[in-house]
Amino acid sequence: MTELTQSVRLETEGSVALIIVDNPPVNALSWHVRAGLFEGMSRAVADGASAIVLICDGRTFIAGADITEFGGAPKGPGLAETQAAMEDAPVPVIAAIHGTALGGGLEVALCAHYRVALGSAKFGLPEVNLGLLPGAGGTQRLPRLTGVPKALEMMTSGRHIGTAEALECGLVDEVVDGDLAALRAAAVAFARRAVDEGLPLVRVRDRDDKVLPARGDTKLFADFRASIAHRTRGFLAPEYNVRCVEAAANLPFEEGMQVEATLFREVMSGSQSSAQRYAFFAERAANKVPDIPADTPTVDVARVGVLGAGTMGGGIAMNFANVGIAVTIVERDQESLDRGLGVVRKNYERSASRGSIPAEAVEQRMALITGSTDKADFADCDLVIEAVFENMDLKQSIFRELDTICKPGAVLATNTSALDVNAIAAVTSRPESVIGMHFFSPANVMKLLEVVRGSASSPTTIATAMAVAKRIGKIAALVGVCNGFVGNRMLFMRGAEAERMLLEGATPAQIDRVLYDFGFPMGPFAMSDLAGLDIGWKAERSTGSTIRELMCESGRRGQKNGRGYYTYDPDTRDKTPDPEVEQLIRDFATSKGHEPREVTDQEVLERLLYPMINEGAKILDEGIAIRGSDIDVIWVNGYGWPLYRGGPMWWADSVGLAEIVERIRTYGAALGGRHWELSPLLERLAADGGQLQSFSR
Ligand code: 3H9
């Protein structure tokens, strides 16, 4: 055995050389890995190896370039020399893959003559998720192996494919059952066979049989672009990936590589990729809580209770059933329970009919969900999540009851989106076991979970909520108690200013368009229409004192009755601005003494987003969010903030805090209102050249 660098060593089995990478946690291609791979190839060939196997220690094959090196000064050798050494080696080179072969890792494997993988392995080019494209020849080699349609789909979605799919599309040559030792043995056996049988040394770059069908086929690319247009709106990287695949189809390999290199440089130096790379690490940082060490004991969650089988409760229950955790769901009467469970079943059936889950999963998952009308059935649950409507008295009375029913040590969670978790915890005899778990609607789809730490929540309760979130595939951020927590508290500020601008002369359509063009999936008024204008509205208490009340009074309920801030086509649900609504707003504004004026798009944008930034800074100052990047994680994953703009804190830093402070002062002086009161932290950071994204108390 020879140590080549700190992370790469060379071993031999008879005449077969093994280059082994060991660079925890994910064997990323750090400079010393690149150096070791190159050295390993040179030595193995010089030593007269009959074949070479590239394999990794630890939990995975190479999971990509080392993202922490991006943006820094170049260090060590590039990857191209190693890739050339692999392709041009005079003896068979076999990549042995387990875990995930991603990005640069897969691009290295594509330079081997053959690929052998464990059945559990996954393959992908996820660079697009980092605002990038596979810049180490992946854009030119993958289509040559899998064909153009598959490569387009993989590269623009970043999806990881399993071995069955990889075998079918030609990405791997042999699949092995068992563990890493079995993979090693099989790869060495494959290498020996390749030598004995004189298998050809296949250089993927030389193949064009799989790309020929797409050569000159402009329609194929036009149709593909149209098919992803909606999903990728605003993002640069998907289009750049498509251009590279187009080059792979139409140009010789070397020319395609030139296209890849030019476009890679462009995306790598652009702001979108830097926002998306930031978001990657922000998500992982959010899962770490400074005063809760990673080894904090957690409650073993085998059965979860959900109170309420409405849209929220049903969606929450699905998250657990999806990962094999048993759920007891309780409703107050059989009819509501049946209705709720019916919706859950329909959701699963729809997923199965779309092919996103296997047909048999519908019954398997439904079998994990037990319905009941008796809260006493929560007695054996390890975690109970209350998902009834937002009313403090109701929630307190429920928690009093849960306190008497649930077993000692069970975690009691409330799904409140704004109420005081401490006041809810205080009615129990075990406030240390109470926590907020704020899911976002639809709860089975939305990635975000705000975990709300009460002042008495114990480390175990917090660690359990964070661990459970990870288990069900959520991105969790831990926040403190205040009205609306992080997400909704900032949203309230945006909403207040949006309403105000209506009075001054902006229209719902203008305000929504500005946010849509910024990259949000929809603006505040389209969102209100979707949620229903009458949430929390009661006819008998309505006094016509806000635009929303007036809308409800005139029978406008939003999308559900086809009339809200917009009118909706009953078949297509397409929305059209409604002159009647604009008149209603103007009349109301006049009655309040407002002269309509032109509000520019720039003003709309600043007045919607700057109060949010200001509030975000106050939230940080109060310690409600742990770090600036947690706020960004919340907004990107729960509120539709465009990923390629990092999040409100990242974006504010990119605009410049001094500029934002100046604008807040100007608007504050002209308009007044609590949300324009400048955050002292924001003021200080602006003066000191500090950043919101990296701020932490
Ligand atoms: C690329 O390859 C460009 C090339 O085309 C061109 C080159 C010229 N680098 O996610 P986890 C860290 S772009 C550095 O919690 P999991 C991560 O921060 C890259 N660090 O684990 C975390 O650190 P910590 C293309 C990385 O088991 C720890 O590893 N590749 C990298 O849930 C564990 O991560 C990708 O985009 C990295 N590449 O999931 C793959 N990856 O513990 C990105 C991870 O200190 N990675 N870390 O917080 C992933 O998708 C997941 O990490 C993976 C494991 C599926 C591998």
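Colleague: Which residues of α19 meet Asp 601, Val 604, Leu 605, Leu 608 and Leu 609 in α23?

Modeller: Happy to start there, with the reminder that this is a predicted model. Asp 601, Val 604, Leu 605, Leu 608 and Leu 609 form the α23 side of the contact. The residues of this contact divide into eight nonpolar, one polar and two charged. On the α19 side, the residues are Gln 510, Ile 511, Arg 513, Val 514, Leu 515 and Phe 518.

Colleague: Are α19 and α23 roughly parallel or roughly perpendicular to each other?

Modeller: Helix α19 covers residues 508-518 and helix α23 covers residues 601-621, and their axes are 10 Å apart. They pack at an angle of about 75°. Angles of 65 to 115 degrees count as roughly perpendicular. The two helices, α19 and α23, are therefore roughly perpendicular.

Colleague: Now the backbone. Which residue does a cis peptide bond join to Pro 24?

Modeller: Good one to look at, since most peptide bonds are trans. Here omega is about 0°. Pro 24 is joined by the cis bond to Pro 25.

Colleague: And what is omega for the cis peptide bond that joins Ser 441 and Pro 442?

Modeller: Pro 442 lies in the loop between β16 (434-439) and β17 (448-453). The peptide bond from Ser 441 to Pro 442 is cis, with omega at about -10°.

Colleague: Does Asn 27 count as buried or exposed?

Modeller: Asn 27 lies in the loop between β3 and α1, and its phi is near 55°, a positive value in a residue other than glycine. Buried means under 20% relative accessible area. Because its relative accessibility is 2%, Asn 27 counts as buried.

Colleague: What about Arg 573, buried or exposed?

Modeller: Arg 573 has a positive phi too, near 65°, and lies in the loop between β19 (566-568) and β20 (575-577). The cut-off for exposed is over 50%. Because its relative accessibility is 57%, Arg 573 counts as exposed.

Colleague: Last one: how far from Glu 127 is the nearest side chain of opposite charge?

Modeller: Glu 127 lies in the loop between β8 (122-124) and α4 (138-146). Not counting residues up to four places away in sequence, Glu 127 touches Gly 103, Gly 104, Glu 107, Leu 132, Leu 133 and Pro 134. Glu 127 is buried yet has no salt bridge. The nearest side chain of opposite charge belongs to Arg 141, at a distance of 11 Å.

How values were computed. Residues are numbered from 1 along each chain as its sequence is written. This is a predicted model: local features need pLDDT of at least 70, side-chain atom pairs count only at pLDDT 80 or more; totals for chains, interfaces and linings use all residues. Side-chain values use heavy atoms; hydrogens and water are left out. Axes are lines fitted to C-alpha atoms, for helices over the stretch in contact, and angles run from 0 to 180 degrees between N-to-C directions. Helices (H or I, at least four residues) and strands (E, at least two) are DSSP runs, numbered from the N terminus. Angles under 35 degrees count as roughly parallel, over 145 as roughly antiparallel, 65 to 115 as roughly perpendicular and the rest as oblique. Contact means heavy atoms within 4.5 Å. Ala, Val, Leu, Ile, Met, Phe, Trp, Tyr, Cys and Pro count as nonpolar, Asp, Glu, Lys and Arg as charged, and the others, Gly among them, as polar. Buried means under 20% relative accessible area, exposed over 50%, partly exposed in between (1.4 Å probe, protein chains only). Lys and Arg count as positive and Asp and Glu as negative; His and the chain ends are not counted. A salt bridge is a side-chain nitrogen of Lys or Arg within 4 Å of a carboxyl oxygen of Asp or Glu.
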